[in-house]
Amino acid sequence: MRYRPPTGRKLVNWVVSGGAAASALVGIVFLVWITWEVLYRGITALNWDFFTHLPTPPGVPGGGMANAIVGTLVLTAAATAASVPLGLLAGIYLAEFAEESRLGDLSRFSANVLMGLPSIIVGVFAYALVVLPLGNFCGYAGVVALAVIMLPVVTRTTEDMLRLVPNTLREAALALGAPRWRVTLAVVFRAAKSGLITGILLAVARVSGETAPLLFTALNSPFWFHSLAEPTPNLTVTIFNYAMSPYHDWQQKAWGASFLITFGVLWITIVTRVMLRERKG
Amino acid sequence: MATSSPGVTAPPYCDRTAPPPKIRVRNLNFFYGRHQALFNNHLDIPEGRVTAIIGPSGCGKSTHLRTYNRIYELYPDQRADGEIWLDGHNLLSPGTDVMQLRQRLGMVFQRPVPFPLSIFDNVAFGLRGQRLPREEVADRVEGALRKAALWEEVKEVLHRPGTCLSGGQQQRLCIARAVVMEPEMLLMDEPCSAIDPVATAKIEELILDLKGKYTIIIVTHNMQQAARISDVTAYFYQGRILTVGPTVEIFREFSLLEDVPSQERLEALLARAQETQALLVS
């Protein structure tokens, strides 16, 4: 073998792999940086009052975000309750009944488009649909906006997870003379259970950090959560307001709320990961 | 149910001495999309006997069996035409109550497919639609598990998932699941191909036990198995039925236990079957 000096091919190889590694590193660096900042600054803002008290005006010590925490939980829960049954049914339709139908293709396409829709547009849509006719900002409008964002996520993951269930299972259940709906609910659904829950949790994680759709709909409120018919306090819009304010103690509280949301979503993501891994194993 | 006899030509083979046929298949063709998999199948299945369907891989054995309970309808591109008469009713006709049909004809598949439910619920699954009292469901589940020779092994662990049983046990669970419906026939699609010899022996014993009460059709790759348990054998080749007859005769004629029939002989038989077909049609 004759020694050959590094040629163009080797150089290209080096540049490409080096570039890829560097890009990956940049992504990871920012992720770690953000997580660290939120953790470091947020955790110092958290104390007992943060979880139990109403917000105070700037400069007044103490106070917390109990109302916004409750409000966010209520909004997310209501949006989940509204979108999950619809999404599951739509997913069942797409996976079990509409393999090669026009309506099925159309619904699948719409769900895909809806998934890529910027959330602020969904917010404006809910504003026009609910806030304008009712005449005031209210929690219901926020629920509608969040549910519209969750719906396609639940639909598509449901469809994908049901499609992973092997047809032999459907055949075995159908061969016993069971009607199709019972085969789907009692056998196929159970077989796909962990995947379906994963899909729902991912949809929850997706909307729990949404701000734009709430700005136009639920707005915010410094008072206790009362009813979805009024402006509803929530964490994300509170972060938006407090972080933009010139007051140092409000900015601190915004960090605390960011910490809560970031690690809430992180926790949900980890749970879904673990569930998916168990499914494979 | 309306009793009208199939007004078509006689099949190549008719078992005159045996019990009346439970099923008469006439002129059955089957298509996977544009690909035709079965050609003009004629077959009589005697009641209360074990009928074996044998033949090389891909010759349409399973496809043939899967038309009896119309399970192929799960796939929109699959289609059967012809007639399958079950007690005087053509089950391929559009008016057939498919769910009732499937309750009458139990099916056991190649691979055991336990549902993601407890052992008890696996067996009780088919009964759930009938709104039976709890005690009756429990009784029938026990009865079916006994018939499937599984009761002694699982009576303590009925609440555990069906998936935690061994392969052979799972297949007997699937048989219990079919038997609990008290079907008239059992359609078995290579029920022993995915399990070990000991479990296979148990299932064969089971088939011999169930014979007489049920009409059984078993698709099998295993010639010894067909010889051991069946009364009648149908030999499939390239989507056609080459020959049908009492198992003993078929096995003597083709020396199936010693050797695989030569390609030339099969081709000659195939040509003959096609000729007979042409004669029958004209």
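Mentor: A residue is buried if 20 or more other C-beta atoms, placed from the backbone, lie within 10 Å of its own, exposed if 12 or fewer, and partly exposed in between. This is a predicted model, in which local features need pLDDT of at least 70 and side-chain atom pairs count only at pLDDT 80 or more, while totals for chains, interfaces and linings use all residues. Residues are numbered from 1 along each chain as its sequence is written, and chains are lettered from A and ligands numbered from 1 in the order in which they are written.

Trainee: What percentage of the residues of chain B count as buried?

Mentor: Chain B has 282 residues. Of these, the share that counts as buried is 42%.

Trainee: What radius of gyration does chain B have, against that of a compact globule?

Mentor: The radius is taken over C-alpha atoms, and the globule rule is 2.2 Å times the number of residues to the power 0.38. For 282 residues a compact globule would have a value near 19 Å. Chain B agrees with this, at 19 Å.

Trainee: Which element of chain A gives the most residues to the side that touches chain B?

Mentor: Two residues are in contact if their C-beta atoms, placed from the backbone, lie within 7 Å. The contact takes 19 residues from chain A and 20 residues from chain B. Helices are DSSP runs (H or I, at least four residues), numbered from the N terminus. With 8 residues, the element that gives the most to the side of chain A is helix 7.

Conventions: Helix = DSSP H or I, 4+ residues; strand = E, 2+ residues; numbered from the N terminus.
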